[in-house]
Amino acid sequence: MVEMDGIEHRTVQVNGINMHIAEKGQGPLILFIHGFPELWYSWRHQITALASLGYRAVAPDLRGFGDTDAPDSPTSYTCLHVIGDLVALLDAIAPDQDKVFVVGHDWGAFIAWYLCLFRPDRVKALVNMSVAFLPRNPQRKSLESLKAVYGDDYYICRFQEPGVIEAEFAKIGTARVMKEFLTYRNSGPLFLPKDKMFGHPLDAPIVLPSWLSEDEVNYYASKFEKTGFTGGINYYRNLDLNWELTAAWTGAQVKVPVKFIVGDQDLTYNSVGTKDFIHKGGFKKYVPLLEEVVVMEGVAHFINQERPDEINKHIHDFIAKFH
């Protein structure tokens, strides 16, 4: 076990893979689930804050990320694989806690919705950020829908062909790719046209915001330099397979208490139809125990890093009700 800033690091074997986790504190467990292109490290501010408030904060690197194993097969990254890892992790590290608190962001939010759909018996309450619940459309596969709305240069569509986007990222350089993603503030859809990635010259300087330092970027870059981006991108390559695998949950509701937080400048919040779904009854229909929707002004996608103090308070205020 290694300690860094008072945060302990260890490896837990789950479903035949070695999963790296960061943890701190004692008490009711909070499982933090990160997104792309991220790591346990995205929750560094939340881990220390919630541990100091009497919780055991646990943030894994998901399969394919950071110091967790990355299976070779692209189809080893479905929602069922990832939820299987998380349930096995909880069984291994908290066998005495039937239910835990869950906090998700980006892909981690997507995964957290699935966790609550598949195993609501394991979740006390959920705080999810950026990605609202997406009901399964039985009429059309996910990629077909995205292509119809956004076209082939939309980032998720560009991620589909194995090896292609990885080669383009390699040309740009890992640290630059991390800066491009983490500093992205355009509320419109993210397009990555070939040879014009991120919509500006790649030698244009990037000024880091006050909430992100060079050292923090370098931590991410050091991990992705080692692993590459393929593991994380494979999550996107399973959208249609997830669609097939989750047919039995068409129309199913998320039956756990939920607080949802999003920034008004987040590209997810500004995507086609999302605001209406969130605010005009669709969200509440599928998530009947949705207790609160918080739209933070002037905040973009990486909300828990951009406004850590406010997010820490939002998490604590909500989960404190469920002791």
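Reader: Which residues are buried in α8?
Author: In α8, the buried ones are Glu216, Val217, Tyr219, Tyr220, Ala221, Lys223 and Phe224. Buried means under 20% relative accessible area, exposed over 50%, and partly exposed in between, with a 1.4 Å probe and protein chains only. Helices are DSSP runs of H or I with at least four residues, strands are E runs of at least two, and both are numbered from the N terminus. This is a predicted model, where local features need pLDDT of at least 70 and side-chain atom pairs count only at pLDDT 80 or more, while totals for chains, interfaces and linings use all residues. Residues are numbered from 1 along each chain as its sequence is written, and side-chain values use heavy atoms, leaving out hydrogens and water.

Reader: What comes after α8?
Author: Gly228 follows α8, and its phi is positive, near 75°.

Reader: Back to Ala221, why does it count as buried?
Author: Ala221 counts as buried because its relative accessibility is 8%.

Reader: And what does Ala221 touch?
Author: Leaving out residues up to four places away in sequence, Ala221 touches Thr174, Ala175 and Met178; contact means heavy atoms within 4.5 Å. Ala221 and Ala175 are 46 residues apart in sequence, yet 5.0 Å apart in space, C-alpha to C-alpha.

Reader: New topic: how many residues are in the largest nonpolar core?
Author: There are 116, and Phe159, Phe169 and Phe283 touch the most other members. Helix α3 (residues 107-118) gives the largest share of this core, 11 residues. Such a core is a set of buried Ala, Val, Leu, Ile, Met, Phe, Trp, Tyr and Cys residues joined through side-chain atoms within 4.5 Å.

Reader: What is Phe283 in contact with?
Author: Beyond its neighbours within four places in sequence, Phe283 contacts residues including Trp113, Phe133, Phe260 and Leu290.

Reader: How many cavities of 30 Å³ or more does a search of the whole structure find?
Author: The search finds 1 cavity of that size, 30 Å³ or more. On a 1 Å grid over the protein atoms alone, a cavity is a set of points where a 1.4 Å probe fits but cannot get out, and a pocket is an open set with protein on both sides within 12 Å along at least five of seven lines; lining residues have an atom within 4 Å of a point. The largest cavity holds about 140 Å³ of space, and among its lining residues are Phe36, Asp106, Tyr155 and His301.

Reader: What volume has the largest pocket?
Author: The largest pocket has about 1,300 Å³, a volume being the space filled by probe spheres set on the grid points, which are joined across faces, edges and corners.
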